[in-house]
Amino acid sequence: MASSVFFTHSHCYSSKPSSLVFRQVGVGPTSLRFSSSHVASVAAMTMDSSAKVIDGKSVAKQIRDEITAEVSRMRESIGVIPGLAVILVGDRKDSATYVRNKKKACESVGINSLEANLPEDSTEEEVLNYIAGYNDDPSVHGILVQLPLPSHMNEQNILNAVRIEKDVDGFHPLNIGRLAMRGREPLFVPCTPKGCIELLHRYNVSIKGKRAVVIGRSNIVGMPAALLLQREDATVSIVHSRTSNPEEIIRQADIIIAAVGQANMVRGSWIKPGAVIIDVGINPVEDPNSPRGYKLVGDVCYEEAIRIASAVTPVPGGVGPMTIAMLLQNTLISAKRVHHFE
Ligand SMILES: NC(=O)C1=CN([C@@H]2O[C@H](COP(=O)(O)OP(=O)(O)OC[C@H]3O[C@@H](n4cnc5c(N)ncnc54)[C@H](OP(=O)(O)O)[C@@H]3O)[C@@H](O)[C@H]2O)C=CC1
Ligand SMILES: Nc1nc(=O)c2c([nH]1)NC[C@@H]1CN(c3ccc(C(=O)N[C@@H](CCC(=O)O)C(=O)O)cc3)C=[N+]21
C-alpha cells in the first residue's frame with residue numbers, strides 16, 4: 001500500500017528513564033549566550049545536562065516582521081512591491097502543501113505571489129516557457145521551481161534557465177559556484193542552509209574555529225550548508241551514505257547539521273555533550289494518535305539529543321519555517337537590488 005512506501009517505521013528509544021525536570025533556560029552551564037528575544041521558554045534537563053530548544057518558528061516570525069516593515073518602506077518610497085513566482089509541476093501532495101505555505105507567507109509580508117500549476121505530463125519546453133516569461137517580467141523578482149520535478153524532466157536544464165538575478169532558491173550553478181569560491185559572493189544563498197546559519201547567529205552560537213559535521217551532501221541542503229559553515233571559519237566534515245565511520249565523525253562535532261531524510265537516525269550516543277544540533281530532516285512516521293495518521297520527525301532522535309546537546313532544533317518548528325522566511329528575504333533582497341533601494 002502507498003502508506004507503507006511513504007512512511008518509515010522508526011522509534012526513538014530513550015536509553016534513560018524519562019525523569020525530566022523543566023526550568024528556565026539561560027542559567028545553565030553552557031557556552032551559548034541567548035539574546036533575550038530568542039530565549040526559548042523552557043528546556044528539558046537531566047541531573048547533569050541541559051539543552052535549549054532552538055525555536056525556528058518564533059525566529060521565522062520575527063524575520064517575517066522585519067521583512068513586512070521593509071516591504072512597506074519600499075512600497076511607500078518607490079512604489080515597488082517585490083514579487084515571487086512559484087512553478088509547481090504535477091500533483092504531489094507534499095509539494096502542493098509547501099507551495100501553498102509559501103504563498104501564504106508571501107501574503108503575510110506583503111510580497112506579491114504568482115503561481116503556475118502545470119500538469120504532471122507537461123513537457124520540459126512548457127516549463128521552460130513559463131520560466132522565460134517570468135525571467136522577462138519586471139514585476140517578478142524571484143522565481144522558484146518546486147522540486148522534485150517529474151522524472152521525465154531534466155532538472156539541470158530547468159534550473160539553469162532561471163535568470164541568476166531571480167534565482168532566489170540559489171540553485172543556479174553560478175550562484176553555487178560563487179558560494180564555493182573564496183572572495184566571491186553569490187547573488188543568493190540557498191534558503192534552507194541560510195536558515196540554518198541564521199538560527200546559529202540569532203542564538204549566538206559561535207562558528208569560527210568550531211568542528212562542524214554536515215550529514216548529507218545534496219545540492220539543495222548538505223553541500224551548500226557545508227560551504228556556508230566553511231565560509232564562517234568552521235572546520236567542516238561531510239558525512240554521507242558511503243562514510244565508513246559516521247558515528248565516530250559525528251561524535252567530534254561541536255555543531256551538527258543533519259540533512260539526510262532518515263527518521264531519528266542520529267542517536268544520543270553519537271552526540272558530543274554540549275553540541276548544537278540543527279535538524280533539517282522532515283520525515284513522516286506513522287502516528288495513529290494524529291488526525292493525519294502520521295507525524296513529522298527529524299533525522300535526529302530528539303528525545304535523546306535534548307539530554308546531551310546544548311541546543312537542538314525541533315521538527316516541526318525548527319528549520320522548516322526558517323526556509324520559508326529566507327525565501328521571502330531573498331525575494332526582498334532581489335527587489336532591492338534591481339531597484340537600487342537601500
Ligand atoms: N526543513 C526544510 O526546509 C527542508 C527539509 N528537507 C529535508 O531534509 C532531508 C534531506 O533532504 P535532501 O538533502 O533534499 O535529501 P537527499 O535525499 O537529496 O540527500 C540525502 C543525503 O543524505 C545522505 N544519506 C542518506 N542516507 C544516509 C545515511 N544512512 N548515512 C549518512 N548519509 C546518508 C545521502 O548520501 P549520498 O549522497 O551518498 O546519497 C545524501 O547526500 C529530507 O528529510 C528532506 O525532507 C529538505 C529541504 C528543506
Ligand atoms: N525549489 C525548492 N525549494 C525548496 O526550498 C524546497 C523544494 N524545492 N522542495 C521541497 C523542499 C522542502 N522544503 C520545506 C520547506 C518548508 C518546510 C516547513 O515549513 N515545514 C514545517 C512543517 C510543515 C508541516 O507540518 O507539514 C516545519 O518544519 O515546521 C518543510 C520543507 C523546501 N523545499
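Analyst: A definition first: two residues are in contact if their C-beta atoms, placed from the backbone, lie within 7 Å. In this predicted model, residues 24 or more positions apart account for 67% of the contacts with a separation of 6 or more in the chain.

User: How many helices and strands are there in the chain?

Analyst: The chain has 11 helices and 13 strands. Of its 342 residues, 43% count as buried.

User: Let us turn to helix α2. Why does its end-to-end distance agree with its 23 residues?

Analyst: Helix α2 covers residues 56–78, and at 1.5 Å a residue it should span 33 Å; the C-alpha atoms at its ends are 32 Å apart, so the two agree.

User: Which residues of α2 are buried, and what covers them?

Analyst: They are Gly56, Val59, Ala60, Ile63, Ile67 and Val71. The cover includes α3 (93–109), α7 (191–202) and α11 (319–338).

User: And what follows α2?

Analyst: Glycine 79 follows α2, with a positive phi, near 70°.

User: New topic: which residues are closest to ligand 2?

Analyst: Leu147, Pro316, Gly317, Gly320 and Thr323 are the closest of the 19 residues that surround ligand 2. By type, the shell has 11 nonpolar, 7 polar and 1 charged.

User: Where does that shell come from?

Analyst: At least two residues each come from α3, β6 (142–145), α7 and α11. The largest share, 4 residues, belongs to α11. Domain 1 (19–54 + 203–320) and domain 2 (79–167) each give at least three residues to the shell around ligand 2.

Methods: Residues are numbered from 1 along each chain as its sequence is written. Chains are lettered from A and ligands numbered from 1 in the order in which they are written. This is a predicted model: local features need pLDDT of at least 70, side-chain atom pairs count only at pLDDT 80 or more; totals for chains, interfaces and linings use all residues. The expected span of a helix is 1.5 Å times one less than its number of residues. A residue is buried if 20 or more other C-beta atoms lie within 10 Å of its own, exposed if 12 or fewer, and partly exposed in between; C-beta atoms are placed from the backbone. A residue is near a molecule or strand if its C-beta atom, placed from the backbone, lies within 6 Å of it. Ala, Val, Leu, Ile, Met, Phe, Trp, Tyr, Cys and Pro count as nonpolar, Asp, Glu, Lys and Arg as charged, and the others, Gly among them, as polar. Domain bounds come from an automatic or database domain assignment.
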